[in-house]
Amino acid sequence: MSSPLVPSADPLHITVRFTTSIPDLLLDIPEPDETTVIALRHLIRSKLDPPTSQHRFRFIHSGKLLKDDDILSSVLKIPSPPPPTPDPKGKGKAVEPPPPRVYINCSIGDVLTSSELAAEAVAATASSKKSKKNGRSFARLLTAGFTAAEVNQLRLQFRSIQSNIHTPETMPSPNTLLRMEDAWIDDNAGNAGAGAGNGGFDFGDDGLGGGALDDLLWGNIMGFLWPLGCIGWLIREGGVWSRRRQIAVFTGFVLSITFGMLRVAS
């Protein structure tokens, strides 16, 4: 099971498994929603002795190479905790299992220069400050008064749109999706009042175009060529399209009916 959609205050328990004979390194990350991969790399260096700590580290998780700017909570698959086990002493109190751990494979490469190590330390510090200052994705809305359930629903709706307009091969990575959420919040910050009465969140561009002309063009084409499907989708998935495109789809639907009636009459 992957990491939860809404950020958790619980620490992330990581086991780093090295490709050499170095014993596993156990780490507890208190803020996984604000910790980047490069910050984790810098932390691991501080736990190792030279010369191992001066080598190049590459992290692999679930067969994927982790990038420096990835946020841990968005790229690591956190397993579900096992259910409590009955008390072996028979006193009726369930025994809480240990928290689940996430395993990361660490490949050790060549030795880095002192300038490369210093640059990594600066980048790790800068990434942590940036995450704490700007927040990440829809989690920023928690500080604006949204509940966790509302943020979760918003994220599910946003990612449902992305899955509809991307194939599995072109689907953005988890970290890219977080940046897209950030961009959506920033782009719509000035239109919060205007979008409140639309009956749903206005995600703007839904992959078929960017501006007003695209909305009108594609909306009319979709409403004309696929009227029943579009109307059914609008009823079932309210808020997926912008208000402007909904109107364009409806006009295309009306035009389709009008065109059909003219053909019947002729």
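Two strands count as paired here if DSSP finds at least two bridges between them. I'm working from a predicted model.

**Sheet.** I started with the strand order. I get five strands in an open sheet, running E2-E1-E5-E3-E4, with mixed pairing. E2 and strand E4 (64-65) sit at the edges; each has a single partner strand, so one side of each has no neighbour in the sheet. Next I checked E1 against E5: they run parallel and are joined by five bridges. Phe-18 stands opposite Cys-106 in E5. Then I looked at what H1 does: it packs on the sheet and touches E1, E2, E3 and E5, with its direction at about 125 degrees to that of E3.

I listed contacts for Ile-14, skipping neighbours within four places in sequence; among them are Leu-27, Leu-40, Leu-72 and Ile-104.

**Arg-45.** Is this arginine, Arg-45, buried or exposed? Its relative accessibility is 9%, and the cut-off for buried is under 20%, so Arg-45 counts as buried. I placed Arg-45 in helix H1 (residues 37-47). Where does its side chain go? I found the side chain of Arg-45 reaching the backbone oxygen of Ser-53 at 2.7 Å. A polar contact of 2.6 Å also links its side chain to that of Glu-120. Beyond four places in sequence, I also noted that Arg-45 touches residues including His-55, Phe-57, Leu-112 and Leu-117.

Terms used:
Residues are numbered from 1 along each chain as its sequence is written. This is a predicted model: local features need pLDDT of at least 70, side-chain atom pairs count only at pLDDT 80 or more; totals for chains, interfaces and linings use all residues. Side-chain values use heavy atoms; hydrogens and water are left out. Helices (H or I, at least four residues) and strands (E, at least two) are DSSP runs, numbered from the N terminus. Buried means under 20% relative accessible area, exposed over 50%, partly exposed in between (1.4 Å probe, protein chains only). A polar contact is a pair of N or O atoms within 3.5 Å; within protein, one must be able to donate a hydrogen and the other to accept it, and residues adjacent in sequence count only if both atoms are side-chain atoms. Contact means heavy atoms within 4.5 Å. Axes are lines fitted to C-alpha atoms, for helices over the stretch in contact, and angles run from 0 to 180 degrees between N-to-C directions.
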